[in-house]
Structures are given as C-alpha cells and as structure tokens.
Amino acid sequence: MNLSNLKPAAGSTKKKKRIGRGQGSGRGGTSTRGHKGAGSRSGYSVKVGFEGGQMPLQRRVPKFGFKNPNRVEYVGINLDILQSVVDKFNLTTVDFEALIEHGFVSKNDLIKILGRGELTAKVEVKAHAFSASAQKAIEAAGGSIVKL
C-alpha cells in the first residue's frame, strides 16, 4: 500500500448532483428550485434568522439584564491556596510573577486575595486587591501586603 493506490471505502462517497443539465438528467428544467418566487431566481439569498415573515426568534424573545462594560473582574485566590504555594515552593514573597509561574493566574488577570482558610507563614503578598479578612489574617501571621 502506498499513496498512489489509496481509495475511500466502498459506499462511503456519493457522486455530486449535476443540476440543470437537461430534462433527461431528471434535474433539468427548474433545477430543484421549484416554480417561480424569489428562491427560484439567481442572486437570491435569505437573511440569517429569517423565518418567512414570521416574527423571528431573536425578536420574540425579550432582552433582559445588563453587562457593565466598566466592571473590574478579579481572580480570587484564598489564603489556604497561598499557604500551599508557600509550603510547596518555599517562597517568602508571593507576587504576580510567582502566581503566573505556578499556573494559578494568567498574565492578563487581576488578583484579589480572599480570606478562606488559614495562613501561618510570614510572607509578603503582592496583589491588586485584598479582602478585609485576608488583610487581617496576613498581618496577624506577621506578613505584609502590597497593592499593585
């Protein structure tokens, strides 16, 4: 077997319909377009979502809600995750680069440190935002915070 004698499996391919090639073909005359109307004409195309004049779905279904374009989205990282990072990689400073390096955030994310879990290590934490409970816990453990 080589590339010159490969063939598709028997019955897996069909011949293309040859439309508009005379009455004898069975697909001459109207060429499967039916009689008259816009659909039989050349250049006809239907708009996306057009339902034959019936009120289209995107207009029948009401709009609701609001997405604030100015919202600032943070990736939350809890104290228990910070503690595991410090234990695993033996860090004294947990900053944006360290969290990217260890796969907790991506380079375009903003980080907020949240207060779930406990932090026993004395670390300097650099992030974009801190919850009040996280800030209290970090400072209680002897660490410090730096807002980016």
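## Close-up views of a predicted model

**View 1. Ile77 and its contacts.** Ile77 touches Leu82, Leu99, Phe104, Val105, Ile111, Lys112, Ile113 and Leu114, leaving aside residues up to four places away in sequence. The model shown here and in the other views is predicted.

**View 2. The largest nonpolar core.** This core has 21 residues. Ile77, Leu79, Leu82, Ile111, Ile113, Val125 and Ile138 touch the most other members. At least two core residues come from each of helix H2 (79-89), helix H3 (96-101), strand E3 (111-114), strand E4 (124-127) and helix H4 (132-140). H2 gives the largest share, four residues.

View 3. Leu79, Leu82, Gln83, Val85 and Val86 are the buried residues to look for in H2. Down the helix axis, the buried residues fall within an arc of 160°, so they line one face of H2. Their cover includes strand E1 (75-78), E2, E3, E4 and H4. Asp87 and Lys88 are exposed, on the face turned away from the buried side. Just after H2 comes Asn90, with a positive phi of about 55°.

View 4. Asp95 sits in the loop between strand E2 (93-94) and H3. Which side chain of opposite charge is nearest to Asp95? That side chain is Lys126, 5.1 Å away. A salt bridge needs a side-chain nitrogen within 4 Å of a carboxyl oxygen. Asp95 has no salt bridge, yet is buried. The side chain of Asp95 does reach the backbone nitrogen of Ala98, at 3.1 Å.

**View 5. Ser31 and Thr32, two positive phi values.** Most residues other than glycine have a negative phi. Ser31 has a positive phi, near 55°. For Thr32 phi is also positive, near 65°. Ser31 belongs to the segment before helix H1 (57-60). Thr32 is likewise in the segment before H1. Are these residues buried or exposed? Ser31 has a relative accessible area of 18% and is buried. Thr32, at 53% relative accessibility, counts as exposed.

**View 6. Ala140 and Thr120.** Ala140 is in helix H4. Its relative accessibility is 68%, so Ala140 counts as exposed. Thr120 is 20 residues away from Ala140 in sequence. In space, the two C-alpha atoms are 8.8 Å apart.

Notes:
Residues are numbered from 1 along each chain as its sequence is written. This is a predicted model: local features need pLDDT of at least 70, side-chain atom pairs count only at pLDDT 80 or more; totals for chains, interfaces and linings use all residues. Side-chain values use heavy atoms; hydrogens and water are left out. A nonpolar core is a set of buried Ala, Val, Leu, Ile, Met, Phe, Trp, Tyr and Cys residues joined through side-chain atoms within 4.5 Å. Buried means under 20% relative accessible area, exposed over 50%, partly exposed in between (1.4 Å probe, protein chains only). Contact means heavy atoms within 4.5 Å. Lys and Arg count as positive and Asp and Glu as negative; His and the chain ends are not counted. A polar contact is a pair of N or O atoms within 3.5 Å; within protein, one must be able to donate a hydrogen and the other to accept it, and residues adjacent in sequence count only if both atoms are side-chain atoms. The arc is that of the directions from the helix axis to the C-beta atoms.
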